[in-house]
Amino acid sequence: MKSIVLLFWRICIFRSGPDTVPASSTFTAAVILLNALVNIVVQLILGAEQVTLLLAVTLAVVSLAGTGALVWFVMALMGLVNRVQQTITAIFGTDIIVTILTSIAFAVGGSISDTVAVFAITLLTLWSLMIYGFIFHRAMNIHIGFGIAIALFVVIFSVAITQTALGNP
C-alpha cells in the first residue's frame, strides 16, 4: 500500500510520470473505485445536508466517466490510445491525494478563516492542474505548457459535463 501511495505522490511532486504506473486493468479499476469512494465520502462530509448519497454517487460516477472520456478523446487525437490506461490511472490516482489534501485544507482553513480556506484550495487547484498537465506532458511527449492547456481543457469540460448531467447548466 505504501508503494502505491508513493507512486502517486512521486507523480504529484513531478518526480515520476504515468509511464511508472502499472498497465493493469485490475489496478486501474481499483484506483477508479477508490477515487469514487473518496469523492463520495468527501461530498457527504463537506456537503452537509445538501448532498444526499444518491447525489454524491451520481457526481462521482459522472465526473469520473466524463474525465475518462475526455482523456481518451485527447489521447486518441494524438494517436496515443495505447497510453490511455496508464494516463487515466495516474490522473485518478493523483486526484485521490489532491482530494484528500483539499478536504483537509478546507476543514482546517475553514476553522481559521474563510480567506485561508479559499487561498489554500486555490493553491491546491492550481497544483492539481499542474499535476495533470505534467501527466499529459509525459504521456504525450509534448511541452509542459501544452500539457497544462490540455489539463485545463479536460477539467473545464469535465465540470461542464457533470453540471449538465445534473441539470445545472
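In the predicted model, the buried residues of α2 comprise Phe27, Thr28, Val31, Asn35, Ala36, Val38, Ile40 and Val42. Helix α2 itself covers residues 25-46, 22 residues in total, and its end C-alpha atoms are 31 Å apart. This separation agrees with the 32 Å that the helix should span at 1.5 Å a residue.

The structure contains 4 aromatic pairs. In one of them, the ring centres of tryptophan 9 and tryptophan 127 are separated by 6.0 Å and the ring planes meet at 70°, so the arrangement is edge-to-face. Because tryptophan 9 belongs to helix α1 (residues 2-12) and tryptophan 127 to helix α5 (residues 114-140), this pair ties together parts that lie 118 residues apart in sequence. The two partners fall into separate accessibility classes: tryptophan 9 is partly exposed, at a relative accessible area of 34%, whereas tryptophan 127 is buried, at 19%, a value under the 20% cut-off for burial.

Another pair is formed by phenylalanine 14 and phenylalanine 134, whose ring centres are 5.3 Å apart; with the planes at 75°, this pair is therefore also edge-to-face. Phenylalanine 14 is located in the loop between α1 and α2 and phenylalanine 134 in helix α5, so the contact ties together parts 120 residues apart in sequence. Phenylalanine 14 is partly exposed, with a relative accessible area of 32%, while phenylalanine 134 counts as buried at 8% relative accessibility. Helix α5 thus contributes tryptophan 127 to the pair with tryptophan 9 and phenylalanine 134 to the pair with phenylalanine 14.

Conventions: Residues are numbered from 1 along each chain as its sequence is written. This is a predicted model: local features need pLDDT of at least 70, side-chain atom pairs count only at pLDDT 80 or more; totals for chains, interfaces and linings use all residues. Side-chain values use heavy atoms; hydrogens and water are left out. Helices (H or I, at least four residues) and strands (E, at least two) are DSSP runs, numbered from the N terminus. The expected span of a helix is 1.5 Å times one less than its number of residues. Buried means under 20% relative accessible area, exposed over 50%, partly exposed in between (1.4 Å probe, protein chains only). Rings of Phe, Tyr and Trp (its six-membered ring) pair if their centres lie within 6.5 Å; planes under 30 degrees apart count as stacked, over 60 as edge-to-face and the rest as tilted.
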